[in-house]
Amino acid sequence: MSSIIKSERLLGVAIVIAGFGLLFEHALLEMGQAAALIGAAGLVLAIVLASMRVAHHAEVLAAKVGDPYGTMILTLSAVLVEVIILAIMMSAEEMSPTLVRDTIYSAVMLDINGILGLAALLGGLKHGEQSYNDDSSRTYSVMILTAMGISMIVPEFVPAAKWHVYSAFTIVAMVTLYAVFLKMQVGVHSYFFSYSYPKREGTVKRAPQEEPVAVSIGILVVGVVVIGVLAEVMSGLLTFGLKGSGAPPVMAALVVAAISASPEIMTAMRAALANRMQAVVNIALGASLSTVILTVPVVEAIALYTGQPFIMAMSPVQTVMVTITLIAAAINLNDGETNAIEGMTHFVLFATFIMLSVLGI
């Protein structure tokens, strides 16, 4: 027990911060916007700490079951964190109606251009060309394109009076897509998402994870609950702190996307530097697909329940950036090998996304 408590000290810190947040939320709001933003920053840090422990135990479970199940557990845990934060922030009366759209867009830019781009760049500089199963990249890419097209491009052309009909259709379409994808990923086509790395002499085999499965599952549940409490307080402070500040509208969405992706970034970088590009592809593209295909049905169901639609159609700039990103991914990830140049192209697209966000475009 003492060893578990010691290893989970980061989660303990997050729990303590959550307690302080609940106690002093109203006091911070009364102290003004600056204090609210400082408090929100502290809570974001606490959410990242809790997310790191959730990701760690997702990795423990992943190591026990292997690919493709392992990376599926990791990406689903990250998306679960994102959905919880979004659902809580959407309940705020003054939250932007484009929060969900901007968060999904930001997550796709961060996962494909940020995580995959930086990992391929660093891995390419260290190892040259890095191999992976190109069946996985093609499957992920076409499903991301389809899911984003249905849920975030087509709604621009749906009449306002019929939004609820299309929302219901979107829910059915996303659930069906994911059900078929899941059957492929864990069924007879699971080899699409795995890669047999050649054995090298002198390679030290990783020691198996020592944490029992029950402990990892329990801490995962506790971590998700703690993240929910932290997000509840953080959303109120962040909304108040950003109100009238002139900050870019996408700022809140960037915060949510960055929180959910923070554990994935470290995992993907470690995999790239260890010359395991298949794990990077599964994490980056799998997280993008899961974000779209799982978040959309949840928020559309909330919209139908409340009778208030969310703005899901991407802006022209967002549509162009997503199109360029998916075309670049289709070209770069078509031959089963990545290199530093391919990584750099995606990372430049990520830098462009950040610049456009700072400019408020």
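This is a predicted model: local features need pLDDT of at least 70, side-chain atom pairs count only at pLDDT 80 or more; totals for chains, interfaces and linings use all residues.
Which residues do ring pairs link into a cluster?

1. The cluster is made of Tyr105, Phe347, Phe350 and Phe353, linked by ring pairs. In total, the structure holds seven aromatic pairs. One of them joins Tyr105 to Phe353: the ring centres are 5.5 Å apart and the planes stand at 80 degrees, so this pair is edge-to-face.

2. Where do these two residues sit? Tyr105 belongs to helix 5 (residues 99-127) and Phe353 to helix 12 (residues 340-358), so their pair ties together parts that are 248 residues apart in sequence. Tyr105 counts as buried because its relative accessibility is 5%. Phe353 is buried too, at 1% relative accessibility.

3. Another pair to look at is Tyr166 with Phe169, which is tilted, with 5.5 Å from centre to centre and 45 degrees between the planes. Both residues lie in helix 7 (residues 163-186), three residues apart, or about one turn of the helix. Tyr166 counts as buried at 17% relative accessibility, whereas Phe169, with a relative accessible area of 44%, is partly exposed.

4. Now to helix 10, which runs over residues 277-306. From first C-alpha to last, its 30 residues reach 43 Å, close to the 44 Å expected at 1.5 Å a residue. Even so, the helix has a kink of about 25 degrees at Thr295, shortly before the proline Pro297.

5. Is helix 10 mostly covered or mostly uncovered? It is mostly covered, with 23 of its 30 residues buried.

Methods:
Residues are numbered from 1 along each chain as its sequence is written. Side-chain values use heavy atoms; hydrogens and water are left out. Helices (H or I, at least four residues) and strands (E, at least two) are DSSP runs, numbered from the N terminus. The expected span of a helix is 1.5 Å times one less than its number of residues. The bend at a residue is the angle between axes fitted to the seven residues ending there and the seven starting there. Buried means under 20% relative accessible area, exposed over 50%, partly exposed in between (1.4 Å probe, protein chains only). Rings of Phe, Tyr and Trp (its six-membered ring) pair if their centres lie within 6.5 Å; planes under 30 degrees apart count as stacked, over 60 as edge-to-face and the rest as tilted.
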